[in-house]
Amino acid sequence: MSAAKEIAIVKRSEEHSLNASEEGGSSGSANGSVTSAEAPNVSPAVRRRLPDERHSLTHHFSVGGQEGYVTVGLYEDGLPGELFIRIAKEGSTVSGLMDSFATAVSLALQYGVPLRVLCDKFSHTRFEPSGWSGNPKIGYAKSLTDYLFRWLELRFLKGEQGLLFQLPRQPLPRREVTSAVEGLGQVVELGDAPPCQFCGSLMVRNGSCYRCMTCGSTSGCS
C-alpha cells in the first residue's frame with residue numbers, strides 16, 4: 001500500500017472519531033444532562049458552628065428501664081445547636097445507634113433545620129424500648145426518640161407549659177368563723193377528728209369519743 005493511501009485512511013478514521021464524539025455530546029444534552037454552564041446558581045448551605053465554650057443543659061431520662069442522659073449544647077441566643085445522647089449500657093447496639101443519631105441531629109440543627117420540623121418528625125415514633133418515663137410532663141413514651149423530642153419540644157418550644165398528670169387543686173369552701181374554737185378547728189387539723197353532724201364544726205377528742213366545742217353535742221358518749 002502506498003504512503004498516500006495510508007495517510008488518506010488515517011484522515012478518514014480521525015474524521016469518523018470526531019463526528020462520533022460530537023454526536024455523543026449532542027445526545028447527552030438531549031437526554032437531559034446539565035453542563036456546568038447550564039447549572040443554576042445555588043448557594044451552598046452554611047454551617048453555623050457553636051463557639052468553643054458554650055452553655056449546655058443535661059437531662060436524665062428513663063424509658064422502659066433504659067436509662068441515659070441527653071446533653072444539649074446551646075448557642076448564645078439559647079437555641080439548641082448540638083445533641084449528645086449517652087445510654088447507660090455503653091458499647092451496646094442501642095448506645096451506638098443513639099450516638100450516631102445525635103450526631104445527625106446536631107448537623108441538621110447547625111445547617112439550619114428548624115427544631116420544630118425535627119420534633120414533628122420524630123415525636124410519637126414507636127419502637128422498643130418503650131414505657132412509662134417517670135416524667136409527669138411526658139408520661140408514656142413510645143420510644144427513646146419519642147421521649148427525647150417531646151422533651152425538646154417542651155423545653156425549647158413550649159417552655160414546659162402544663163403538666164399532663166397534675167390536676168389543679170380546688171380550694172375547699174369554708175364557713176364563716178363565728179367563734180374562737182371554730183377558728184382554731186379550721187387552722188389546726190386534729191388528726192381524724194370528724195365534723196359535727198349538727199353544726200358542722202370540727203370536733204375534739206373527749207376520752208374515747210368526740211365532742212363539739214360549738215354546740216356541745218357528742219359522737220355518742222356522755
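Start with a polar contact between two side chains: Thr145 and Ser143, at 3.2 Å. By polar contact I mean a pair of N or O atoms within 3.5 Å; within protein, one must be able to donate a hydrogen and the other to accept it, and residues adjacent in sequence count only if both atoms are side-chain atoms. Thr145 has another such contact, side chain to side chain, with Thr125 at 2.6 Å.

Before I go on, the ground rules. This is a predicted model, where local features need pLDDT of at least 70 and side-chain atom pairs count only at pLDDT 80 or more, while totals for chains, interfaces and linings use all residues. Residues are numbered from 1 along each chain as its sequence is written, and side-chain values use heavy atoms, with hydrogens and water left out.

Back to Thr145. It is located in helix 4. Helices here are DSSP runs of H or I with at least four residues, strands are runs of E with at least two, and both are numbered from the N terminus. Is Thr145 buried or exposed? Thr145 is buried, at 6% relative accessibility. The cut-offs: buried is under 20% relative accessible area, exposed is over 50%, and partly exposed is in between, with a 1.4 Å probe and protein chains only. Which residues does Thr145 contact, leaving aside neighbours within four places in sequence? They are Met98, Phe101, Phe122, Thr125 and Phe127. Contact means heavy atoms within 4.5 Å.

Phe101 sits on the helix 2 side of the contact with helix 3, and Phe122 on the helix 3 side. Helix 2 covers residues 93-110 and helix 3 covers residues 115-122. Their packing angle is about 145°, and the axes are 10 Å apart. Axes are lines fitted to C-alpha atoms, for helices over the stretch in contact, and angles run from 0 to 180 degrees between N-to-C directions. The crossing is right-handed. Besides Phe101, helix 2 contributes Val105, Ala108 and Leu109. The tally is 7 nonpolar, no polar and no charged. For that count, Ala, Val, Leu, Ile, Met, Phe, Trp, Tyr, Cys and Pro are nonpolar, Asp, Glu, Lys and Arg are charged, and the others, Gly among them, are polar.

Now charges. Side chains of opposite charge can pair when their charged atoms come close. How many salt bridges does the structure hold? It holds 7. A salt bridge is a side-chain nitrogen of Lys or Arg within 4 Å of a carboxyl oxygen of Asp or Glu.

Stay on helix 3 for Arg116. Arg116 pairs with Asp120, closest N and O atoms 4.0 Å apart. Both are in helix 3, 4 residues apart, about one turn of the helix. Arg116 is partly exposed at 35%, and Asp120 is exposed at 52%. Arg116 also meets Glu153 in a salt bridge, at 2.9 Å from N to O. Glu153 counts as buried, at 14%. Shared partners join Arg116, Asp120, Glu153 and Lys158 into one network.

Next, Arg48 and Asp77, a salt bridge at 3.6 Å, N to O. Arg48 is in the loop between helix 1 (3-30) and strand 1 (56-63), and Asp77 is in the loop between strand 2 (66-74) and strand 3 (80-87), so the pair ties together parts 29 residues apart in sequence. Arg48 is partly exposed at 40%. Asp77 is partly exposed too, at 47%.

One more residue: Asp99, in helix 2. Asp99 is partly exposed, at 32%. Its side chain has a polar contact of 3.4 Å with that of Arg86. The C-alpha atoms of Asp99 and Arg86 are 7.0 Å apart, across 13 residues of sequence.

Last, the whole chain. It has 5 helices and 7 strands, in the order α-β-β-β-α-α-β-β-α-α-β-β. Of its 222 residues, 29% count as buried.

Terms used:
A crossing is left-handed if the near helix is turned anticlockwise from the far one by less than a right angle, and right-handed if clockwise.
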